[in-house]
Amino acid sequence: MSAKILAKSSPLEKLIYGLGDVGTNLCWTFMSMYVTMYYTDSVGISAAVAGTIMLVARVFDGISDVLGAMLIEKCHFKMGKIRPWFLIASPLLGISLFASFHVPAAWDSQAKVIYVFMTYTFTAAVSYTIYNLAYSAILTVMALDEHDRSTAATIGRFVTTGGVTVMFYVTPILLAMWGGGQSQSAWSRLSTVYALLCTILVCCMGLFIKEKSYEVENDGKGEENKPAQKGELSKAFKAVLTTKYTWLLLGLFLLFYLYSGVSSIKTYYYKDVLGDLGLFSMGSMLASLPQLFALLLVPALFKMVERGKAVIAGCVIFILSNIAFAMFSRSVAAAYICTVIMSLAWTPLTAVIYVYIADLVDYIYRKKHVRVEAAASMASSIGTKIGAGLGSAAVGWGLALINYDASLEVQTAATQRGIVGLTCILPMILGVLIMVIMLFWKVDQEKEEN
């Protein structure tokens, strides 16, 4: 009788898995939250132009995701199939962040727009694409045991959330200390510090995380049995593209990161509606800390409630809390309370979304006998970049639509109402759409049936 020997990830690997993602968030999430404000308030580019740049960059993103996935599937290094790409991505992410927040102040408007387009597109379509494809695929080969994989994902999200919480809290403080949001030198200093940390932490993923292989112990004789050979590149992509869950996963990541991109409007909400950007630090803490501790309870929650049902229930609470946020948008206390509730409601999805990539890889292997780590990760990567880009673009276009004027100390009442609408209505729509996707996600049920 044969028994699978499924290698597990070490505690250090689980920690590095989270710390490396903290590093990337110092680049990508920092840009998602602040780059629109930097473009409008410091560089002097209109919100509409900034939004359009972010959307156009998605075209190059889509191409780079396909090319990146093909490269990862084709290339095999001595270090492994996935790990070397972290070593390649780490300096690129640092350079991208540094360049994005160092727009030459002496240049004219047209030159600035070209520079912004080139640096933002390079960050999204090259640097982040390489990292995100590798990050999406590494969990599948880092932890082969299903329980260990879920544990690694939960610990990783816990560490990432903690790191992002610190970033959100200290960023407004450092900006104010170094000259404020309209100061080029303040953004330059901050981006330099984050770029260095990003480079170091992402590099650690390539150095310390090990890729595992499948083995089978046959009646105690120690014979190894590798899984079926990976098919041709075209076969791998065909297997991914003809699986319905690939498209559901793409949609899930698109909506999840669309919310992340749209969340940058909250910097304007605290600055222009509540009148104090400094409140954003506490708001960010309240958005992250409750989730940080809730992630510790997620494994116990998933033992009591099926993962998909927990995500759907969280979406319902998330939608209701956004309605309450809109009703009491002028109250700092109400904003903070609703933020805590939204954070807790979003926790189940945050905990499992990257596990779903590994589930998709295993599902395709069971059904079609092809292992497609990079090709499957392509779907999540495309969804991530399109979602974040559309979210940031929606903020830029939305601000232009409601006549946001960066030169005004106090925005008009109509503009403030528009900011509240952008802060609440878009997330509610996203919550509904995610619920619909989860109703059709039946991977767990099909696994049990088999």
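## Overall picture

Of the 450 residues of the protein, 58% count as buried, where buried means under 20% relative accessible area, exposed means over 50% and partly exposed lies in between, with a 1.4 Å probe and protein chains only. This is a predicted model, in which local features need pLDDT of at least 70 and side-chain atom pairs count only at pLDDT 80 or more, while totals for chains, interfaces and linings use all residues. Residues are numbered from 1 along each chain as its sequence is written, and side-chain values use heavy atoms, with hydrogens and water left out.

The protein contains 16 helices and 2 strands, which are DSSP runs numbered from the N terminus (H or I and at least four residues for helices, E and at least two for strands). For 450 residues, a compact globule would have a radius of gyration near 22 Å, and the value of 22 Å for the protein agrees; the radius is taken over C-alpha atoms, and the globule rule is 2.2 Å times the number of residues to the power 0.38. The C-alpha trace spans about 75 × 45 × 35 Å along its principal axes. Among contacts (heavy atoms within 4.5 Å) between residues at least 6 apart in sequence, 84% join residues at least 24 apart.

## The nonpolar core

A nonpolar core is a set of buried Ala, Val, Leu, Ile, Met, Phe, Trp, Tyr and Cys residues joined through side-chain atoms within 4.5 Å. The largest one has 138 residues, and among the members that touch the most others are Tyr-17, Tyr-39 and Tyr-131. Helix α4 (residues 109-142) gives the most to this core, with 15 residues.

Leaving aside neighbours within four places in sequence, Tyr-39 is in contact with residues including Gly-44, Met-54, Val-116 and Tyr-120. Thr-24, which is found in helix α1 (residues 11-43), is buried with a relative accessible area of 2%, and, not counting residues up to four places away in sequence, Thr-24 touches Thr-29, Leu-93, Tyr-128, Tyr-131, Cys-198 and Val-202. By contrast, Gln-110 in helix α4 is exposed, with a relative accessible area of 61%.

## Aromatic pairs

The structure holds 35 aromatic pairs, a term for rings of Phe, Tyr and Trp (its six-membered ring) whose centres lie within 6.5 Å, with planes under 30 degrees apart counted as stacked, over 60 as edge-to-face and the rest as tilted. Trp-107 and Tyr-115 form an edge-to-face pair, 5.7 Å centre to centre and with 90° between the planes; Trp-107 is partly exposed at 42% relative accessible area, whereas Tyr-115 is buried at 18%.

The ring centres of Phe-168 and Phe-280 are 6.1 Å apart and their planes lie at 65°, so this pair is edge-to-face. The pair links distant parts of the chain, with Phe-168 in helix α5 (residues 146-177) and Phe-280 in helix α10 (residues 279-304), 112 residues apart. Both Phe-168 and Phe-280 are buried.

## Two kinked helices

The expected span of a helix is 1.5 Å times one less than its number of residues. The 26 residues of α10 should therefore span 38 Å, and the end C-alpha atoms of α10 are 37 Å apart, which agrees. A kink of about 45° lies at Leu-297 in α10, shortly before the proline Pro-299; the bend at a residue is the angle between axes fitted to the seven residues ending there and the seven starting there.

Helix α12 (residues 332-352) has 21 residues that should span 30 Å, and its end C-alpha atoms, 31 Å apart, agree with this. A kink of about 40° lies at Trp-346 in α12, shortly before the proline Pro-348, and α12 is mostly covered, with 15 of its 21 residues buried.
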